[in-house]
Amino acid sequence: MITQTDAWRALETDAEVLKLTHTRALFHEDPMRFERFSLEAAGIFLDFSKNKFTQKTLKNLIMLAASADLEDARERMFIGEKINVTEDRAVLHTALRDFSNRALEVGGEDISISVRAEREKMRVFSQSLISGETKGFTGAPLDTVVNIGIGGSDLGPQMVVEALRPYWLKGRRCFFVTNVDGQHLADTLTQLDPERTLFIIASKTFTTQETMTNAASAREWFLNRGGSEADIAKHFVALSTNAPAVEAFGIDRENMFVFWDWVGGRYSLWSAIGLSIALQVGFNNFEKLLRGAYDMDEHFRTAPLGENMPALLALIGVWNRNFMDCGVHAILPYDQHLNRFPAYLQQADMESSGKSRTIEGAMAPCATGPVVFGEPGTNGQHAFYQLMHQGTDVMSADFIAPALSQTPLGDHHEKLLANFLAQTEALMCGKSEQDVREELTDEGRTPQEIDRLASHKVFPGDRPTNSILMEKLTPESLGALIALYEHKIFCQGVIWGINSFDQWGVELGKVLAKAVLLELAAIGEAKPAICAHDASTNGLINWINQIRRQKGG
């Protein structure tokens, strides 16, 4: 048990001492602190010096990783062992972006061959569509893509497409539909021309309720606007493994792109799930995205833990979560094109680390994944930063920014970077009551006013942050950034002893929803009272049925 190791006990001792120390003092004691606690890899620069820890703490954290056999777990993942033990699967999203030409055998098959073949199929399809060679049922080019998926089949590709907006191909449009709420699809369909639209149905099983409900409605819309059953094959493609269901829908098997059971949904944007990315920014840029991730993979796989960026980011996360009592972690990208990155990481982190059972099935002996949330800067500064600076709970945060803007405009980017730098400084340094009183005195405030205001203007500081920088947000740097977080999450799961690659907590609500669906009345239909659930759920179902019967909507 990780909490019984010498390393864990040493870290508990470190924490007791450091809780009495302000982070400012650590900088005063060590003029080389920034140089000591920062590093660069795969085009990403990480400064983790503004966290409250010492060199001794870091050594103990590395010893903790060794106690958890992190390096061995890392290699077992890369070589395809079935580390997803509850689903008896390998975890090999890294194989999707491996450009080393290394053979990788899983179940007696060299999967690198099938990965390259599927990637080549994506390349040929995307280039044919983008060039205008592939046309719709009236002969018009297919210049609009609608990706219908949910979870990892949506959040990853949507985030990347938005992040790479400056790389969009001229004249092409891309939409993402996820919510089973019909308004999401209806609002999208109003913007489409059926003659020029390609629908991508992203569902591994081709049975996902939300996705297939939206897909069926999109199909009906298409048929009601000039398309025929035979034309479905020209306007719909599938990202799936269920060939019979795909063909029954009307999609040509040649337009079915596969991915494998060793690719988890939240790690799938590197696979055929990324087809929408390739169609919007071009296959060359999609491949650059993969190559950036591959560079981070190689760094993660080969660098010693003390010089390993994903491992260090993970260890600092464990330190803040388990020893500094930070139960919330903010993702704060200072780049508008990364506005979907916090939402993407909410799934990647909380679906991976939101576990209370260890791999062996025992209760986790310590806190595991934190709550993850965020917004792009500077929007968040005018929203929740108040709590970050002066709230009663301390949270940790990652600040992310490019040194250069994708779309320079006046001095906008300089002001953005100034806020990026100022916020991490303010969160760490804070402002003492003495400083506040001196400022108020300089403003000419009376002693009475100073006494009344001083405590409200004090900032305690001592809030831990990481700063993550890149030269510019490009396909390569974005790929490296995503891979950095994937590996960070993996490392934390190893240390906590949980399986980061299943998501059984997603299933219960789905099962119950199927039962409830049968009990909801159709519009205008009378339905008798039910008693299959708890009193609250029964009451809610009856109230909804009454409204639908009386109001007809």
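Which residue in S8 is the bridge partner of Phe 199? It is Phe 236.

The structure is a predicted model, in which local features need pLDDT of at least 70 and side-chain atom pairs count only at pLDDT 80 or more, while totals for chains, interfaces and linings use all residues. Residues are numbered from 1 along each chain as its sequence is written, and side-chain values use heavy atoms, with hydrogens and water left out.

**View 1. The open sheet of 5 strands.** The strand order is S6-S5-S7-S8-S9, with parallel pairing. Strands (E, at least two residues) and helices (H or I, at least four) are DSSP runs numbered from the N terminus, and two strands pair if DSSP finds at least two bridges between them. The edge strands, S6 (173-177) and S9 (256-257), each pair on one side only. S5 (residues 144-148) and S7 (residues 197-202) are joined by 5 bridges, and Val 145 stands opposite Leu 198 in S7.

**View 2. Strand S8 and its partners.** S7 and S8 pair in the parallel sense over 4 bridges, and 2 bridges join S8 to S9. Met 256 in S9 is the bridge partner of Ala 238. Phe 236 and Ala 238 point one way from S8, Val 237 and Leu 239 the other way, and all are buried (under 20% relative accessible area, 1.4 Å probe, protein chains only).

**View 3. Helix H9 on the sheet.** Helix H9 (residues 209-223) lies across S5, S6, S7 and S8 (236-239). H9 runs at about 160 degrees to S7; axes are lines fitted to C-alpha atoms, for helices over the stretch in contact, and angles run from 0 to 180 degrees between N-to-C directions.

**View 4. The largest nonpolar core.** A nonpolar core is a set of buried Ala, Val, Leu, Ile, Met, Phe, Trp, Tyr and Cys residues joined through side-chain atoms within 4.5 Å. Of the 116 residues here, Trp 262, Phe 341, Leu 478, Leu 481 and Phe 490 touch the most other members. Helix H20 (residues 475-496) gives the most to this core, with 13 residues. Leaving aside neighbours within four places in sequence, Phe 341 is in contact (heavy atoms within 4.5 Å) with residues including Met 159, Leu 481 and Tyr 485.

**View 5. Helices H7 and H15.** The axes of H7 (residues 152-163) and H15 (residues 341-353) come within 9 Å and cross at roughly 145 degrees. Gly 152, Leu 155, Gly 156 and Met 159 of H7 meet Phe 341, Ala 343, Tyr 344 and Gln 347 of H15.

Definitions and conventions
Buried < 20%, exposed > 50% of the residue type's maximum accessible area, 1.4 Å probe, protein only.
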